[in-house]
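This report concerns the packing and backbone geometry of one protein model.

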Amino acid sequence: MSASTQYVPSPTPDLARIQRALISVSDKEGLVELGKALAAHGIEILSTGGSAKSLRDAGLKVVEVSDHTGFPEIMDGRVKTLQPSIHGGILARRTDAGHQKAMSDHKIAGIDLVVVNLYPFEATVARGADFPTCVENIDIGGPALIRASAKNHDFVTIVVDPKDYASVLQELDANKGATTLALRRKLAAKAYARTASYDSAIANWFAAQEGETFPERLTLSAERVQTLRYGENPHQKAAFYSDGSKRPGVATARMVQGKELSYNNIGDTESAYECVAEFAESAIVVVKHANPCGVAVDADQFTAYQKAYACDPVSIFGGIVAVNRTLEAKVAAELVKLFLEVVIAPDATPEALAILATKKNVRVLLAGALPDPATAGMTLKSVAGGYLFQTRDNGHLTKADLKVVTKRSPTAKELDDLLFAFTVCKHVKSNAIVYAKDGATVGVGAGQMNRRDSSRIAAIRAAESGEAAGLAVSPAVGSVVASDAFFPFADGLLAAAEAGATAIIQPGGSMRDKEVIDAADEKGLAMVFTGMRHFRH
């Protein structure tokens, strides 16, 4: 096209009058009320299928799309709105003389409002439908209508969500049957986001059907749950999105009380709840800055809490407490003595909720269920210029998976504590060292640049908590130690032995494994290799 023939658009009108609407929805929420309001403004309604029937049953006059186009629905309804008389009526620019002439020549009537929501593809997949049924629920005409309407939002109002009916009707009432450009642009943006999300769901489903964990093109879709007050720091902006997977946790939990969750609250609460879900016994997890600082299991929930608290009574201040059973009043009575950010559990007794209500600022979340730590899933991390995408760490070990590598084998009690400590280690930032005894952590060393320092820090934490509890010796004495990755040198193991540990669990696989094993034998320690590491960055 030469410069002399380039199209120069006329100014976009702020108000666009609606004279004709096309309605085709699978979600009938609010449909009849919308139809009645449009009819009250004298707006002609075009519709088809179930939408037309619902409107007619409510006593409204509806023009069938096939009557409007002069062409019947064919191929079991696969082709009904894919017509020039429909898309021409949507895409025509009302201020362009050439477009107006084409409409007149081809007897195309303008369509000013399009109300469409798509075939329920996501819901069909979620209920486990077979392949042909899922394919049949891939909408074709709907996305075409939405994209055309959104492109021509200068003149056409597109609505893809029943929640937006009220906004459109308010503008029609305020502007004598017209909508503003500001609303049309807002709805157009929402419309493109919907088709993008829809196509993403289809692409991901197809990739899964082909067994592709890592498809050539990664598509992501998420729905905003809330805009947060700020991000990790007050000068950063943030929002919370749900990916729709419904995994029990902070994204699906019911907030019973408390202030709005912050960016850091959400991340820390997720860490705590994923950790507490690992245990079959009644468990308590205390998290601070995404790291467990106290974890314990016991047949009695209150005892489990006491043991978790004792691990680090300093760091629990301002922390997150997660419970894997219905929260009991006796534990709640202890929690309100502290400053906590969040308490999360599958449920809570009425008495426990009443006690927590006395601390109105603490956020209380009831998730209804626990996430399955063995379930496959994906995690995503952003880096400059891209993403890191990996399967969730759902690795799990039993006693049969452990290989004894020292002269002394661990006792039955030590084995139980070793598996417990290694499970906790999975949720501690690397380099991670966890001291545990009697089903409870007694010292946690997290996120250090070398494993020796993590071991020493965990021992210091144990000694300090022992002093706070008035114990004669550090609870690290007689404990077991878990390392999330192999000991590259014997120094980390020797630090644990010096603190009084009696058994070690680690992945193994270092070039210096023999040196480390020899050191364990010299100190009389029992050590097992897992063959599995749990780096967490």
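The buried residues of helix α18 are covered by parts that include α17 (491–499), β22 (503–506) and β23 (526–529). Helices (H or I, at least four residues) and strands (E, at least two) are DSSP runs, numbered from the N terminus. In α18 (residues 513–523), Asp 513, Val 516, Ile 517, Ala 519 and Ala 520 are buried. These residues cover an arc of only 160° around the axis, which puts them on the same side of α18; the arc is that of the directions from the helix axis to the C-beta atoms. The face turned away from the buried side of α18 carries the exposed residues Lys 514 and Glu 522. Buried means under 20% relative accessible area, exposed over 50%, and partly exposed in between (1.4 Å probe, protein chains only). Gly 524, with a positive phi near 75°, follows α18.

The model is predicted: local features need pLDDT of at least 70, side-chain atom pairs count only at pLDDT 80 or more, and totals for chains, interfaces and linings use all residues. Residues are numbered from 1 along each chain as its sequence is written, and side-chain values use heavy atoms, with hydrogens and water left out. The average pLDDT (the predictor's confidence in each residue, from 0 to 100) is 92 for the protein, and 95% of the residues score at least 70. Over residues 1–5, pLDDT stays under 50, and the model has two contacts for them beyond four places in sequence. Contact means heavy atoms within 4.5 Å. Where pLDDT is low, the predicted coordinates should not be read in detail.

Helix α10 has 29 residues and reaches 42 Å from its first C-alpha to its last, close to the 42 Å expected at 1.5 Å a residue; the expected span is 1.5 Å times one less than the number of residues. The buried residues of α10 include Leu 187, Ala 188, Ala 191, Tyr 198 and Trp 205. Just after α10, Gly 211 takes a positive phi of about 75°.

Rings of Phe, Tyr and Trp (its six-membered ring) pair if their centres lie within 6.5 Å; planes under 30 degrees apart count as stacked, over 60 as edge-to-face and the rest as tilted. By this rule there are nine aromatic pairs. In one of them, the rings of Phe 131 and Phe 206 have their centres 6.0 Å apart and their planes at 80°, so the pair is edge-to-face. Phe 131 lies in helix α7 (residues 131–136) and Phe 206 in helix α10 (residues 181–209), so the pair ties together parts that are 75 residues apart in sequence. Phe 121, Phe 131, Tyr 198, Trp 205 and Phe 206 form one aromatic cluster.

The rings of Tyr 305 and Tyr 309 have their centres 6.1 Å apart and their planes at 35°, so this pair is tilted. Both residues lie in helix α12 (residues 301–311), four residues apart, about one turn of the helix. The accessibility of the four residues in these pairs is listed below.

| Residue | Relative accessible area | Class |
|---|---|---|
| Phe 131 | 40% | partly exposed |
| Phe 206 | 35% | partly exposed |
| Tyr 305 | 4% | buried |
| Tyr 309 | 30% | partly exposed |

Lys 330 lies over the face of Phe 302, at 4.4 Å from the ring centre. A charge sits over a ring if NZ of Lys or CZ of Arg is within 6 Å of the ring centre and within 35 degrees of the ring normal.

**Two strand residues**

Ile 158, in strand β6 (residues 157–159), counts as buried at 0% relative accessibility. Not counting residues up to four places away in sequence, Ile 158 touches Val 114, Ile 146, Ser 149, Ala 150, Leu 187, Ala 188 and Ala 191. Val 256, in strand β10 (residues 254–257), is partly exposed, with a relative accessible area of 31%. Beyond its neighbours within four places in sequence, Val 256 is in contact with Leu 353, Val 364 and Leu 366.

**Backbone exceptions**

Most residues other than glycine have a negative phi, and most peptide bonds are trans. Lys 107 has a positive phi near 55° and is found in the loop between α5 (97–105) and β5 (113–117). For Lys 246, phi is positive and near 65°; this residue is in the loop between β9 (239–242) and β10. Lys 107 is exposed, with a relative accessible area of 75%, and Lys 246 is exposed at 64%. A cis peptide bond joins Ser 430 and Asn 431, with omega about -5°. Asn 431 is found in the loop between α15 (412–425) and β19 (433–437).
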